[in-house]
Amino acid sequence: MVQHSSSTIRTAANGSSGPSESADDDLPSVMTCANYLKLPPYSTKEIMYKKLLYAISEGQGSFDLS
């Protein structure tokens with residue numbers, strides 16, 4: 001099940017905090033403890049694909065368990 005949340009405050013791709021004007025500016029986020037991927041309501045599948053690839057490539061190696 002995928003749920004969309006438009007009222008959460010997060011850091012947008014442009015560096016500002018708070019909800020953005022368009023979900024297309026936001027990056028996906030995860031809750032790793034629950035294996036839960038949170039996707040903003042992107043306007044197209046192409047934008048979703050690009051944002052997912054960006055988040056995956058930029059986030060590699062930044063989450064380590066000790």
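## Basis of the model

Local features in this predicted model need pLDDT of at least 70, side-chain atom pairs count only at pLDDT 80 or more, and totals for chains, interfaces and linings use all residues. Residues are numbered from 1 along each chain as its sequence is written, and side-chain values use heavy atoms, with hydrogens and water left out.

## Overall architecture

The protein contains 1 helix and 2 strands, arranged β-β-α from the N terminus on. Helices (H or I, at least four residues) and strands (E, at least two) are DSSP runs, numbered from the N terminus.

Of the 66 residues, 17% count as buried, a term that means under 20% relative accessible area, with exposed over 50% and partly exposed in between (1.4 Å probe, protein chains only). The protein exposes about 5,300 Å², of which carbon and sulfur atoms supply 55%; accessible areas come from the Shrake-Rupley method with a 1.4 Å probe. Among contacts (heavy atoms within 4.5 Å) between residues at least 6 apart in sequence, 26% join residues at least 24 apart.

## The annotated cysteine

An unreviewed UniProt entry places the feature "active site" at Cys33; such annotations may be inferred rather than shown by experiment. Cys33 is found in the loop between strand 1 (29-31) and strand 2 (36-38). This cysteine counts as exposed because its relative accessibility is 75%.

## Lysine 51 in the helix

Lysine 51 lies in helix 1 and counts as buried because its relative accessible area is 16%. Lysine 51 and proline 28 are 23 residues apart in sequence, and their C-alpha atoms are 7.1 Å apart in space.

## The largest pocket

The largest pocket holds about 280 Å³ of space. A pocket is an open set of points on a 1 Å grid over the protein atoms alone, where a 1.4 Å probe fits, with protein on both sides within 12 Å along at least five of seven lines; lining residues have an atom within 4 Å of a point. Grid points are joined across faces, edges and corners, and the volume is the space filled by probe spheres set on the points.

Strand 1 and helix 1 (45-59) each supply at least two residues of the lining, and helix 1 gives the most, with 6 residues. The lining includes Pro28, Ser29, Val30, Leu52, Tyr54 and Glu58. By class, the lining has 8 nonpolar, 3 polar and 1 charged residues; Ala, Val, Leu, Ile, Met, Phe, Trp, Tyr, Cys and Pro count as nonpolar, Asp, Glu, Lys and Arg as charged, and the others, Gly among them, as polar.
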